[in-house]
Structure formats: C-alpha cells, structure tokens
Amino acid sequence: MNESRNRLLGIFLVIAGGILVLDYYHIINFNIWDFWPLILVYIGAKAERDYFAGYASGRNLLTGATFLTYGLFFLLGNFTTWGIQSKLWPLYILGPAIGFLQMAYYGHRPRSNYRTGFVLSAISLVFLVENFINLNFDLILFVGLIAIGLFMLRKSDPVEKDDRTEDDERY
C-alpha cells in the first residue's frame, strides 16, 4: 500500500513539475489561482460522500450537487472566454435542480422534490435555449403565464353536486 502511494505521489510531482517548467518558459499559461473552484468541487464531493456514507441527511445531496455544479462552472469559466460563459449562466439554476432531483430519487420527500427539481430544470433549459438560439423571451413568458393560469384553473374545479334531487334538498 505504501509503495503504491509513493508511486502515485511521484507521478503527481512529475506532472506538477512539468507543468511549472512549461509555464516558466511560457509554453503554456498556468496560474494556480485559476483552480480556486476546486475548493467548491471538494465541498460538494464531500457533502455527497457524507450522505452516501450515512453520516449526513438528504439535504447534503442538495448542497453537494449545488457546490459541484458551481465549482465545475467556475472552473470552466477560468479556461474559456466570457462569450460562452455569458450564455451558460442558466447552469446556476441547474445546480439546485440536480440536488432536488437527487433528494427525490433517494426518497426524501419525493413528490415535492421531483416537482421542484423539474421546474428548476425546465427554467434552466428554457433560458439555455433562449441564450443560444435567441428566442423572443417575452413570448415564452406570455405563453408560460397562460399555461400557469390554465393549470390553476384546472386545480380549482367546482365541487360536483351529489345525486340528490332538488326536493331532497328542501327537507
């Protein structure tokens, strides 16, 4: 076990040293501060691991998914241009959506968490599509308002009368 650990550490040091030498000679541009989002990735992975190891509640799934998504998004942002990053902002909404879907999948208030996860995923998807194909967002908003209104009207159907006749109601 100790020999494999030394081998792994040796490989890591060779790769790290090689990257730093390439940066020194300006062959690549390496900045250690570009990797700060790995802290968020670590927090998210630890929260997920704690849940699956049985040390934490289902809320750690929400925390883990959110931090993992944000950490990976920020890490991607450090290595891409702002042009693509400005279109990917709906991924901020997707982080908690994945957490809610995970919580529902593993049996933590499945009905409400599935609903919340799907709604957040749909909102994120609508904004992603709108960013990449330049839909008229106003039209989507107006149609969405109509759909929500129809859904609310469906939920408030009047109570049906029972089978009694008018004569029975008088007595």
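A residue is termed buried when its relative accessible area is under 20%, exposed when that area is over 50%, and partly exposed in between, with a 1.4 Å probe and protein chains only. The structure is a predicted model, in which local features need pLDDT of at least 70 and side-chain atom pairs count only at pLDDT 80 or more, whereas totals for chains, interfaces and linings use all residues. Residues are numbered from 1 along each chain as its sequence is written, and side-chain values use heavy atoms, with hydrogens and water left out.

The protein chain contains eight helices and zero strands, where helices (H or I, at least four residues) and strands (E, at least two) are DSSP runs numbered from the N terminus. Along the sequence, the pattern is α-α-α-α-α-α-α-α. Of the 171 residues in the protein chain, 23% are buried. A contact requires heavy atoms within 4.5 Å; among contacts between residues at least 6 apart in sequence, 55% join residues at least 24 apart. The chain exposes about 13200 Å², of which carbon and sulfur atoms supply 67%; accessible areas come from the Shrake-Rupley method with a 1.4 Å probe, and for residues only the protein chains shown count as cover.

Helix α2 comprises 16 residues, 37-52. From the first C-alpha to the last, helix α2 reaches 23 Å, close to the 22 Å expected at 1.5 Å a residue; the expected span is 1.5 Å times one less than the number of residues. The buried residues of this helix are Pro37, Leu40, Val41, Gly44, Ala47, Glu48, Asp50 and Tyr51, and they pack against α3 (59-78) and α5 (91-105). After α2 comes Gly54, with a positive phi near 90°.

In one, the closest N and O atoms of Lys46 and Asp50 are 3.1 Å apart. Because Lys46 and Asp50 are four residues apart in helix α2, about one helical turn separates them. An α-helix has 3.6 residues a turn, so residues three or four places apart point the same way. Lys46 counts as partly exposed because its relative accessibility is 32%, while Asp50 is buried at 14%.

Aromatic rings form a further group of interactions. Rings of Phe, Tyr and Trp (its six-membered ring) pair if their centres lie within 6.5 Å; planes under 30 degrees apart count as stacked, over 60 as edge-to-face and the rest as tilted. The whole structure holds twelve aromatic pairs. Tyr51 and Phe52 form an edge-to-face pair, at 5.1 Å centre to centre with 75° between the planes. Tyr51 is buried at 15% relative accessibility, whereas Phe52 is partly exposed at 46%. The pair of Tyr105 and Tyr106 is likewise edge-to-face, because the ring centres are 5.0 Å apart and the planes lie at 90°. Tyr105 is exposed, with a relative accessible area of 59%, and Tyr106 is partly exposed at 38%. Ring pairs also link Trp36, Tyr70, Phe73, Phe74 and Tyr92 into a cluster.

Conventions. Salt bridge = Lys/Arg side-chain N within 4 Å of Asp/Glu carboxyl O.
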